[in-house]
Number of protein chains: 2
Amino acid sequence: MATDTKARILDAAESLFADHGFPATSLRDITQEAGVNLAAVNYHFGSKEALLISVLERKIAPVNRTRLAQLEALETAAGADPVPTEDLVRAFLTPLFETWGKHGQGLPKFMKLVGRIHAEVDQDVRTKFIKQFDTVLQRFSAAFHRGLPHLDAIEVQWRVLFLVGSMAHTMTWGGSIVTMDGQVCHDPEEIFEALIQFSTAGMGAPVLQPVAVASRRGAR
Amino acid sequence: MATDTKARILDAAESLFADHGFPATSLRDITQEAGVNLAAVNYHFGSKEALLISVLERKIAPVNRTRLAQLEALETAAGADPVPTEDLVRAFLTPLFETWGKHGQGLPKFMKLVGRIHAEVDQDVRTKFIKQFDTVLQRFSAAFHRGLPHLDAIEVQWRVLFLVGSMAHTMTWGGSIVTMDGQVCHDPEEIFEALIQFSTAGMGAPVLQPVAVASRRGAR
DNA sequence: GAATAATTCAAACGTTCATTTGAATCATAC
DNA sequence: GTATGATTCAAATGAACGTTTGAATTATTC
């Protein structure tokens, strides 16, 4: 079955890319984990890099589409008013975490992959795939700015960068969070809500007065 | 000159690890960039992985030491009172950004490296080096919790994770931020202050009421 | 300046990598 | 049931990898 082979490769690649990253994962690792022949990857996908693109397309493209759809729904509902910041944060983060529940098996591999993609992928792969993601960022940045008109456009972009960073890092390392007394938390819902609280507050943070900046610098 | 060779290797490795990541950078890339013989890396450092450790030690270990020193100074000054959240955020972020000014040349490579380290490095390298960083995280988490007693300990840890994520992502990608009208911002001071505002507000975000969580979930 | 140690060097080591090849196997349609 | 196309397979290709080697070179010590 051709479909089965392709899907097994995609699953194995997703899992291994998530755990060890793209450069450190070999096609032999992938095909062995998938239980298929080594040549199958190049037969079905053309190259290792094309496989990565396919892995990303399969899981992340729908997430970005949902993000944009939710954003448009929010803007339509808000009419002339700006969409509340927290609603925007939720529209940005929810589609990612909802894919979680659909798979269910423990800590989802593809979330770690998402985290890695934002930090690890080389510039050319990034530009090849991430154009779609950049569109999402631009649209959300504009929407955030509408609700935070006192901020510079560039300041909004930074805050969106910070938001993405929190999200990506949580994807990668959220599974290995350990409390001081040795307990591990695996509940995605709780981390998700905590991230939303953190991000919403961060996005809406007050602007620092320049004079205050100077006086506070290098606090000790 | 032995010292010179070692330093040139460290500089080249720092730059290339930052640009392309650890697995994607070969010793041949490094030695060519450094203008030294291929065997010099194994002679002076023992292995590629040991070279990475050395690169990290040279730049990041002092940062973590400064962080802990600033934290202790803050706690001493505060006495029985908890240290203000913003002061803790600054004590955590300032040492990293200050290394910036010391080097000056454009966007510092080692900052990108720092960003990558938090997302890319394999588990064993991470555990080998990051133990020191984990200590820093634990100490700061405890200090944050003292000023945010209404939060669970685990919630504080999450927020510190978010903070680290914002920081790491900014290190890696902050240099490629572009405004909607095509302008690029390279001023580290501004990004730094924006990050502090974002993180301070995020760390001190209110806790969501459980009932409110349920009603808001899946907002559209 | 001879002896000793430290460093550099070109070359090779064995391994692993992504990719290709061509025959074998499978499914499908006539 | 034979022909056709799609897929799988074992094997090989050539390149790149980290590392090692032993001689050549440089620096240090007496």
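**Chain A and the surface at DNA strand C**

Chain A exposes about 9500 Å², and carbon and sulfur atoms supply 54% of that area (Shrake-Rupley method, 1.4 Å probe). This is a predicted model, in which local features need pLDDT of at least 70, side-chain atom pairs count only at pLDDT 80 or more, and totals for chains, interfaces and linings use all residues. Residues are numbered from 1 along each chain as its sequence is written, chains are lettered from A and ligands numbered from 1 in the order written, and side-chain values use heavy atoms, leaving out hydrogens and water.

Chain A has 11 helices and 0 strands (DSSP runs: helices are H or I, at least four residues; strands are E, at least two; both are numbered from the N terminus). Of its 220 residues, 54% are buried (under 20% relative accessible area, 1.4 Å probe, protein chains only). Take the contacts (heavy atoms within 4.5 Å) in chain A between residues at least 6 apart in sequence: 72% join residues at least 24 apart.

Now turn to DNA strand C. Around it are 17 residues (a heavy atom within 4 Å of the strand). A:Leu27, A:Arg28, A:Lys48, B:Thr5 and B:His44 come nearest.

A polar backbone atom of A:Leu27 is 2.8 Å from one. For A:Ser26, a side-chain N or O atom is 3.3 Å from a phosphate oxygen. For A:Asn42, a polar side-chain atom lies 3.4 Å from a phosphate oxygen.

Note on methods:
A polar contact is a pair of N or O atoms within 3.5 Å; within protein, one must be able to donate a hydrogen and the other to accept it, and residues adjacent in sequence count only if both atoms are side-chain atoms. Buried means under 20% relative accessible area, exposed over 50%, partly exposed in between (1.4 Å probe, protein chains only).
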